[in-house]
Amino acid sequence: MNTDPLALERGAAWPAGEVFNPDGRAPLVLVCEHASNRIPPGYADLGCDAHDLSRHIAVDLGAGELARGLALHLDAPAVLCSTSRLFVDCNRAPFESDWIAPVSDGSAIAGNADLSAAQRHARAQLVFEPFHALVGETVAAKRRGDGDPLIVAVHSYAPFLDGLARPPVAVIWDQPTPATQVVAALRREVEPVGDNTPYDGRLARGYTFDRHARPFGLRRFAIEVRQDLLGEAGGVATWTRIVGEAIAAAMQARQ
C-alpha cells in the first residue's frame with residue numbers, strides 16, 4: 001500500500017484500504033471500517049482542525065491497531081479502511097444521513113455540506129467501493145479455500161454515552177451464535193461485558209454485514225472496546241489477548 005503523500009499528489013492511486021496478514025489461515029475475516037483518520041489530498045481536511053481529526057468522529061481510536069493484533073493472534077486476514085469515516089463511512093449505506101455526515105457529535109464538517117450527487121458519487125468511487133471490493137475479495141477467497149468464514153467487525157467506542165459509563169468491551173450481534181459464546185468467554189475475564197449494548201445489532205445493522213455476510217448466511221458479530229483502555233500503556237496488547245482468546249474459544253467450540 002502506497003502511503004507516501006508526495007506520491008499521492010503526483011497522481012498515485014489513493015489507498016482506500018489494505019489487507020493485513022492476507023495469508024492468514026483461520027476461517028475468519030476481520031474488518032475495521034474506521035481504522036484511519038486520513039483525508040485524501042485535495043479536500044483540505046474537509047475543513048476539520050487537528051483536534052477533530054484526532055477524535056472518535058474521525059477514527060475509532062485504537063481499533064486499527066487492535067484489528068492488526070487480532071489478525072496475528074488468530075492468524076487471519078484483516079481488511080482495514082485507510083480513510084476517515086468523515087470522508088465517507090464505509091459501515092453506512094449511501095442512503096443513510098451519516099454516510100457523509102455534515103455534522104458529527106457537535107462538530108460541523110464544512111467539506112461535507114451541500115454535496116451534489118456527483119460529489120457523493122466521486123467519494124464512493126474513490127473509497128467506498130474499492131474498500132468493499134477488498135472485503136468482498138477477501139471473504140470470497142476464504143469461502144473458496146476454507147469454507148464459510150466468520151466475519152468480525154472491530155470497533156472502539158468512547159468511554160461514556162450521555163454521561164453513563166460504557167462497558168470495557170461489548171459484543172454487538174444480530175444472530176446469537178457465536179456471539180453469545182464470545183460474551184461468555186469474555187465474562188470469564190472481564191466484567192461487565194456489553195451483550196448487544198450500548199448498541200443492539202438487531203436494530204442498528206452495519207452495512208458491511210449487509211453486503212458481505214448476511215447474503216451468504218455467514219456468521220458475524222462486531223466487537224467494541226473502549227478507546228481509553230486501548231490507549232493505556234500496553235492496552236492494545238492486553239485487549240488483543242482478551243478478545244483474541246474469546247474469539248478463538250468460540251471458533252473452537254463450533255469445530
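Which residue forms a salt bridge with Arg214? In this predicted model, one partner is Asp174, with the closest N and O atoms 3.0 Å apart. Look at where the two sit. Arg214 is in the loop between helix 6 (207-212) and strand 11 (220-226), and Asp174 is in the loop between strand 9 (169-172) and helix 5 (176-187), so the pair ties together parts 40 residues apart in sequence.

Now accessibility. Arg214 is buried, at 17% relative accessible area. Asp174 is partly exposed, at 22%. The cut-off for buried is under 20%.

Arg214 also forms a salt bridge with Asp210, and there the closest N and O atoms are 2.4 Å apart. Asp210 is partly exposed, at 31% relative accessible area. Through shared partners, salt bridges join Asp174, Asp210, Arg214 and Arg220 into one network.

The whole structure has 16 salt bridges. Another of them links Asp89 and Arg85, with 3.6 Å between the closest N and O atoms. Both Asp89 and Arg85 are buried.

Next, His132. This residue belongs to helix 4 (residues 117-146). His132 is buried, at 1% relative accessibility. Its side chain reaches the backbone oxygen of Cys90 at 2.7 Å. Beyond its neighbours within four places in sequence, His132 contacts Cys90, Tyr207, Thr208, Arg211 and His212.

Last stop, Gly24. Find it in the loop between strand 1 (17-20) and strand 2 (28-32). Gly24 is buried too, at 5% relative accessible area. Setting aside residues up to four places away in sequence, Gly24 touches Asp75, Ala76, Pro77 and Lys142. The C-alpha atoms of Gly24 and Ala141 are 11 Å apart, with the two residues 117 apart along the chain.

Notes:
Residues numbered from 1 in each chain as written. Predicted model: local features only at pLDDT ≥ 70, side-chain atom pairs only at ≥ 80, totals over all residues. Heavy atoms only, no water. Helix = DSSP H or I, 4+ residues; strand = E, 2+ residues; numbered from the N terminus. Buried < 20%, exposed > 50% of the residue type's maximum accessible area, 1.4 Å probe, protein only. Contact = heavy atoms within 4.5 Å. Polar contact = N/O pair within 3.5 Å; in protein donor to acceptor, adjacent residues only side chain to side chain. Salt bridge = Lys/Arg side-chain N within 4 Å of Asp/Glu carboxyl O.
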